[in-house]
Each structure stands twice: as C-alpha cells, then as structure tokens.
Amino acid sequence: MRKHLRTTLTAATAVALTAALAAPALAATPAKGTGDHDATRQAVRAAVADGVPGVTVTVRRGHGTWAATADVGDLDTGKPRSTADHYRVASITKTFVATVVLQLEAEGKLSLDDTVEKWLPGVVRGNGHDGRRITLRQLLNHSSGIFDYLRDSGFQQKYMTPDGFMKHRFDQASPEDAIAIAMANKPHFKKPGTSFAYSNTNYVLAARVIEKATGSDDYADEIERRIIAPLKLSSTSVPTRVTLPRPSSRAYSKLAKTATGPTYDVTELNPRLAYGSGQMVSSSADLTRFYSALLRGKLLRPEQLKEMKTTIPSSRDTSRYGLGLVDRKLECGVHVWGHDGGIFGSNSDVVTTEDGRHSLAVNFNGDWSGSTDAIIEAEFCGDG
C-alpha cells in the first residue's frame, strides 16, 4: 500500500511538467463515424494547460467510439493516462442508486411517495429533520432539505485538510456515522419539497432503503446484479478496497480551496466513506455505455424513466435535477443528460443526448483546475 505525500515537485519533474503543459501530448484511438473531434481535442489540451495533471475521455456516437488521453497519470514516473483507466466516479454513483430505486418501484417493492420513516424508522430525526415528512422522491431529487454531511465543519476538518486526510483516509466509518453527522445539524430548509439543496446524505439514505426493500446486506449487490452484470460493465464496481483496479492513474489534490500550494497523492482511500453518495469506480467507456443504455430505456420502464427525467430547478441556472439525473442546457441550446462527480483527486463528468446515441465521459486526475464543462460544450456544440 503506497502512502505517498507529495509536498513539492522535484526540480526534474517540475521542468518536465512545465514542458508538457506548454504543448500537451494528446493520444487518440481511431474510430469510425464519430467525427474528427477537433474542438474536443482542443478543450482537452486547454484543461491540461490550466493545470490538470492528465485527462482521459471517451465519446460514444452511434456504433462508433472515440477515446483520447492527455498528459500524465503519474507525476513521479511521467506515465501517461490510459483510455482504459479506472477512476473514482464520486457522485455519478447517484445515477446508479436512483436507477435501482426506480427498478424497485416498477417491481412494486416500494413507492417514490413512501416516506423515509417507512423504510428507516427513527433514522431521520433531530434538529428539525423528520423522516415522516420526507419522501423517497425527495431524497432522489435533493428536495428533502436534509443536511449534507460533507458540509459539517468537523467532517471537513477531519477528512478535507492535509493533516486530517492523511490521518483518516482509511477510517472504517459506517453510513450511520454520516447520517448522524447530518442529524446533528439543522436542515438546509424546513419544508421538504419546497426547494433544492444538494445533499450527499440523501443518497446514503437511499442506499439504505435499497437494502431494506430487497433484503440485501449491501446495496452494492443490487447495483451489480441489476446494472453492472446485465450491461457487462467490466470496469465498474462498488469497491471496498482502498486501491484502484488496474489500469489506473494516480489521483492528486491540493486538499485546499485554492489551486496553489502543495500537491498531494490521494489515490488510496476508503471509498465506503461515501457509500451510496459516491463509492463507485468505473471507466469512461463503461460510463458512456451505462448512460446510453439508461436513456435508451434499456434499464427502466417508460414510466420510471419519465419519473427520472422529471426535473426541478437546481443550484445552477443551466441545469435541472431529476432523480439522480441532471438535464443540462449547453450554450448552443443542446440538452444533455448525465451527472458529474468530484472526490479527492478526481473530477469526472458524463453526459448523453436524450436518445442515448451520443455520449461523453471525461475524467481529470486532479481536483483543483480545468473545466469538464468546456470539453462537453466542445463535443456537443463544436465540430465533434
């Protein structure tokens, strides 16, 4: 197990990295019928020039696939990123969780109008939280008002500072710990269903509901059985190991709100800390396959897919939130559906057109700079 703390780049690495940023190398795999992707290539290069260590991107269009990488996956060795890289997808996990909940609704095992109290009695209580007034639908579209445990100052100090992260990155925290942190704070708003506040606690609870409704010991078993296996997503998992599967790149973070200062290798961590809000690992190829299948109706019945795509205003003017799925309006007027995800050392985004025929997934192995938005805009609004 590698516990590497990068406080400064060596002189040689710094020189090599500076040269790389001046003219980022971009390797691409050929594809048929997917366009030249020149605008997308330029946006990928711009992300690296902005400071991202490396990028991997895959585009699925019709029956063709195009993939590319830029720059390094390991700052020590200079090893390049791979189009087959496994990476932590963070909140993209939420779409998988919501899909399973909607499958359970279609099977009559639960209703989106059920209260959280029905499935998790007494769990959502305290400081104004009341699970008797919150529905499963409100968990999935973030209109519950339940406090986001990631915003708790104690949690941030423990896990999101350099000293705290290095000391606690392998902690064996339980979902109940995250829920308890949320319950120790006041809700983001008092009346469920009246507003939007993104909360990771919602999906920790949703994962617990899956377990209760199915009798499974772990919500991960349902994701594996219902999504990963049928779609043959060979690079996708709900891991418990602290390491990433191979191939993979190192993941880097500033562990700060600025893009300056030391760069830390944060590749190894306990993914169970995120649970249903962001535990999963995948690859760009698998993510485009999943979202394409989802929007094409391969995983949900028409009624449930319609519910998933029923959106409410979110915290961004250009997007609306459904049930674990975001409707994003691009600058050129095109609408794409998907989700993004950010976790220590990893920023990811995946989107697809409504017909599921044009999909893109991208990952940065650094969490402090670059724009996945620019890459998406380039692919769907440029000359891709």
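Let's start with charge: the 47 positive and 42 negative charges of the protein have mean positions 2 Å apart. Here Lys and Arg count as positive and Asp and Glu as negative, with His and the chain ends not counted, and each charge is placed at NZ of Lys, CZ of Arg, CG of Asp or CD of Glu.

This is a predicted model, where local features need pLDDT of at least 70, side-chain atom pairs count only at pLDDT 80 or more, and totals for chains, interfaces and linings use all residues. Numbering runs from 1 along each chain as its sequence is written, and side-chain values use heavy atoms, leaving out hydrogens and water.

Now the overall picture:

| Feature of the protein | Value |
|---|---|
| C-alpha box along the principal axes | roughly 60 × 50 × 35 Å |

Next, zoom in on Thr311. Thr311 sits in the loop between helix 12 (302-308) and strand 10 (312-313); helices (H or I, at least four residues) and strands (E, at least two) are DSSP runs, numbered from the N terminus. With a relative accessible area of 16%, Thr311 is buried. Beyond its neighbours within four places in sequence, Thr311 is in contact (heavy atoms within 4.5 Å) with Arg320, Tyr321, Gly322, Asp327 and Trp337. From C-alpha to C-alpha, Thr311 and Leu325 are 8.5 Å apart in space, and 14 residues apart in sequence.

Technical notes: Buried means under 20% relative accessible area, exposed over 50%, partly exposed in between (1.4 Å probe, protein chains only).
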